[in-house]
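Please keep the sequence and the structure at hand while reading.

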Amino acid sequence: KFGVDESYKLTVPATGNPIYARIEAQTVFGALHALETFSQLCYFDFVLGVTGLHWAPWTIVDKPRFPYRGLLIDTARHYLPVPVIISVIDSMVYSKLNVLHWHIVDEQSFPLEIPSYPKLSNGAYSYSEKYTINDAIHIVQYAEKRGVNVLAEIDVPGHAGSWGVGYPSLWPSATCQQPLDVSNDFTFKVIDGILSVQILARFLSSSLSIWEVMKSIQVAGLPHHALNHGWFNMV
């Protein structure tokens with residue numbers, strides 16, 4: 001959640017028996033950052049086989065300069081297995097980044113399985129290069145527990161060549177494969193189907209206004225080329 005207090009204070013004394021590190025934070029996210037900082041003060045002594053701490057005492061008062069600290073991955077153009085994405089999230093936590101911008105779908109491939117329209121994922125590079133809804137849920141929940149928001153992006157109506165592999169009627173024609181055919185009611189049914197998936201509704205909530213714009217253009221009977229000439233992302 002953006003705007004949450006992520007500040008913390010970490011105190012590590014030089015003496016004491018035993019020595020305790022103290023963390024002060026207003027939220028769990030601040031505490032997570034403090035623990036990450038503490039872990040980076042530690043080192044492992046391979047000779048003695050123990051974990052040590054560099055140069056105590058420490059007093060660190062810290063907070064993020066920017067509320068949005070993101071990293072983008074593009075699995076439409078370069079498929080990443082789920083364990084790799086999990087490793088990316090772990091690396092983000094180490095660097096205190098808090099937004100994983102997941103560019104899931106684009107012209108090149110549609111690797112996300114949508115239960116209501118299963119043929120959409122025919123646009124994936126291969127059968128093994130797909131994400132199930134359970135994969136997406138796992139990624140989002142894993143990130144949430146570590147203070148990372150997953151921001152998914154699905155391009156609409158442009159960059160949609162992969163959509164029509166399974167549903168050719170989404171294309172304006174066989175020789176014109178993008179943008180999506182917004183004169184076709186089926187196009188809007190498919191987008192509705194994507195947004196109805198529970199996990200997508202969670203990390204695509206900010207895209208609903210774009211969907212409403214598309215619906216209003218259709219309902220108002222405005223020229224469809226008005227939408228075709230623009231580029232909209234579900235972000």
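Where in the chain does W55 lie? W55 is placed in the loop that runs between β4 and β5, the latter spanning 58-62. The model is a predicted one, and what follows should be read as a description of that prediction.

## Overall make-up

The protein has 235 residues, of which 41% count as buried. Its secondary structure consists of seven helices and nine strands.

Contacts between residues at least 6 apart in sequence were also sorted by separation along the chain. Of these contacts, 63% join residues at least 24 apart.

## Strand pairing

Strand β3 covers residues 42-45 and strand β4 covers residues 50-53. The two pair in the antiparallel sense, over four bridges. Within this pairing, Y43 has G52 of β4 as its bridge partner. The two strands form a hairpin with four residues between them, and G49, in the turn, has a positive phi of about 75°.

A parallel pairing is found between β6 (residues 70-74) and β7, which are joined by five bridges. Here L71 has L100 of β7 as its bridge partner. Seven of the seven residues of β7 are buried, so the strand is largely enclosed by the rest of the structure.

## Nonpolar cores

The largest nonpolar core contains 39 residues, and the members that touch the most others are I85, I89, W102, L120 and W163. At least two residues of this core come from each of α2 (82-94), β7 (99-105), α3 (133-144), β8 (149-155) and α4 (185-196). The element that gives the most is α2, with seven residues.

Which residues does I85 touch, leaving aside those up to four places away in sequence? They are I73, T75, L80, L100, W102, Y131 and I139. One of these, L100, is also the bridge partner of L71. Another, W102, is listed with I85 among the members that touch the most others in the core.

There is also a second, separate core, made up of six residues. Among them are Y8, A34, L41 and I60.

The largest cavity holds about 50 Å³ of space.

The residues that line the largest cavity are L32, H33, V93, K96, L97, R146, G147 and V148. By class, this lining has four nonpolar, two polar and two charged residues.

## Loops and backbone features

W55 has a positive phi of about 50°, although W55 is not a glycine. Is W55 buried or exposed? The relative accessible area of W55 is 68%, and exposed means over 50%, so W55 is exposed. H159 is another residue other than glycine with a positive phi, near 55°. H159 sits in the loop between β8 and α4 and is partly exposed, with a relative accessible area of 28%.

The bond from N17 to P18 has omega near 0°, and P18 is in the loop between β1 (8-12) and β2 (22-25). The bond joining Q178 and P179 is cis as well, with omega about 0°. P179 lies in the loop between β8 and α4.

## Contacts across the sequence

The loop between β8 and α4 also holds L180. Why does L180 count as buried? The relative accessibility of L180 is 1%, and the limit for buried is under 20%, so L180 falls in that class. L180 and L170 are 10 residues apart along the chain, and their C-alpha atoms are separated by 5.6 Å.

S116 belongs to the loop between β7 and α3. With 40% relative accessibility, S116 counts as partly exposed. S116 and I194 are 78 residues apart in sequence, and the distance from C-alpha to C-alpha is 7.7 Å.

Methods. Residues numbered from 1 in each chain as written. Predicted model: local features only at pLDDT ≥ 70, side-chain atom pairs only at ≥ 80, totals over all residues. Heavy atoms only, no water. Pairing = 2+ DSSP bridges. Core = buried A, V, L, I, M, F, W, Y, C linked by side-chain atoms within 4.5 Å. Buried < 20%, exposed > 50% of the residue type's maximum accessible area, 1.4 Å probe, protein only. Contact = heavy atoms within 4.5 Å. 1 Å grid on protein atoms, 1.4 Å probe; cavity = no way out; pocket = protein on both sides within 12 Å on 5 of 7 lines; lining within 4 Å. Points joined across faces, edges and corners; volume = space filled by probe spheres on them. Nonpolar A, V, L, I, M, F, W, Y, C, P; charged D, E, K, R; others polar.
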